[in-house]
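Reader: I'd like to learn how to read a few features in this model. Could you take me through them one by one?

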Amino acid sequence: MATKIYIVYYSTWGHVATLAEEMKKGADSVPGVEVTIWRVPETLPQEVLGKMHAAPGREDHPVITARQLAEADGILFGFPTRFGMMAAQMKAFFDTTGGLWQSGALAGKPAGVFFATGTQGGGQETTALTAVTQLTHHGMLFVPVGYTHGAGMFAMDEVKGGSPYGAGTFAGADGSRVPSDAELALAAHQGKYFAGIAKKLKVV
């Protein structure tokens, strides 16, 4: 039976959605793994999203409900940073998982995170650290990418998002910057690395 990996994200301008696609490419390269990308429900009205120049929701990424999380063997959560924490849309989604918490449905499942921030000091690491509280209360196993991507993670020749906590990108204050090749490469690696860990845990 295939190991089911869910990539669950929220994206305002499309940066996190782009990372999610790269995560899927990496995870898909692991034999015996089945990967699905989902987006969480939007909480803002279209009028507000229009004023923010938000990207339209990816119709090829269906909207997930909390109960569907229990179907996965491992979950990667992606979100933009808001004042050093996950975006409210993702937090609102986690707030709907009380039933899963009560039943322990997610306990023991591996989970990882990835993110986007507007600026270099925008809180990529604090966003990851505060997101771990959500995973902890569910009893999920946090799987950071560490420095498993190799020498590229130590390179200082370009500005790039991501850290040992997970892949990341910088969107720019106005959302105009697109993920770089280095950021995409880390996302693909994280997807592959995470899928391998989830596959091993499934057979335990």
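Reader: Let's start with Phe77: is Phe77 buried or exposed?

Author: Some ground rules before that. This is a predicted model, where local features need pLDDT of at least 70 and side-chain atom pairs count only at pLDDT 80 or more, while totals for chains, interfaces and linings use all residues. Residues are numbered from 1 along each chain as its sequence is written, and side-chain values use heavy atoms, with hydrogens and water left out. Now, buried means under 20% relative accessible area, exposed over 50%, and partly exposed in between (1.4 Å probe, protein chains only). Phe77 has a relative accessible area of 1%, so Phe77 is buried.

Reader: How many aromatic pairs does the structure hold?

Author: Rings of Phe, Tyr and Trp (its six-membered ring) pair if their centres lie within 6.5 Å; planes under 30 degrees apart count as stacked, over 60 as edge-to-face and the rest as tilted. There are four aromatic pairs here. Take Phe77 and Phe94: the ring centres are 4.9 Å apart and the planes sit at 50°, so this pair is tilted.

Reader: Which parts does the pair of Phe77 and Phe94 tie together?

Author: Helices (H or I, at least four residues) and strands (E, at least two) are DSSP runs, numbered from the N terminus. Phe77 belongs to strand E3 (residues 74-82) and Phe94 to helix H3 (residues 88-94), so the pair ties together parts 17 residues apart in sequence. Phe94 is buried too, at 7% relative accessibility.

Reader: On to helix H1. How does its span compare with what is expected?

Author: The expected span of a helix is 1.5 Å times one less than its number of residues. H1 (residues 15-28) has 14 residues and reaches 20 Å from its first C-alpha to its last, close to the 20 Å expected.

Reader: What covers the buried residues of H1?

Author: The idea here is contact, meaning heavy atoms within 4.5 Å. The buried residues of H1 include Val16, Leu19 and Met23. Among the elements covering the buried residues of H1 are strand E1 (3-9), strand E2 (33-39) and helix H6 (181-202).

Reader: At what angle do H1 and H6 pack?

Author: Axes are lines fitted to C-alpha atoms, for helices over the stretch in contact, and angles run from 0 to 180 degrees between N-to-C directions. H1 and H6 pack at about 45°, with their axes 6 Å apart. Angles under 35 degrees count as roughly parallel, over 145 as roughly antiparallel, 65 to 115 as roughly perpendicular and the rest as oblique. H1 and H6 are therefore oblique to each other.

Reader: And where is Lys24 found?

Author: Lys24 is in helix H1, and at 24% relative accessibility Lys24 counts as partly exposed. Leaving aside neighbours within four places in sequence, Lys24 is in contact with Ile7, Val35 and Ile37. The C-alpha atoms of Lys24 and Ile7 are separated by 7.6 Å, though these residues are 17 apart along the chain.

Reader: Last one: what is the phi of Phe83?

Author: Most residues other than glycine have a negative phi. Phe83 has a positive phi of about 55° although it is not a glycine. Phe83 lies in the loop between E3 and strand E4 (85-86), and at 89% relative accessibility Phe83 counts as exposed.
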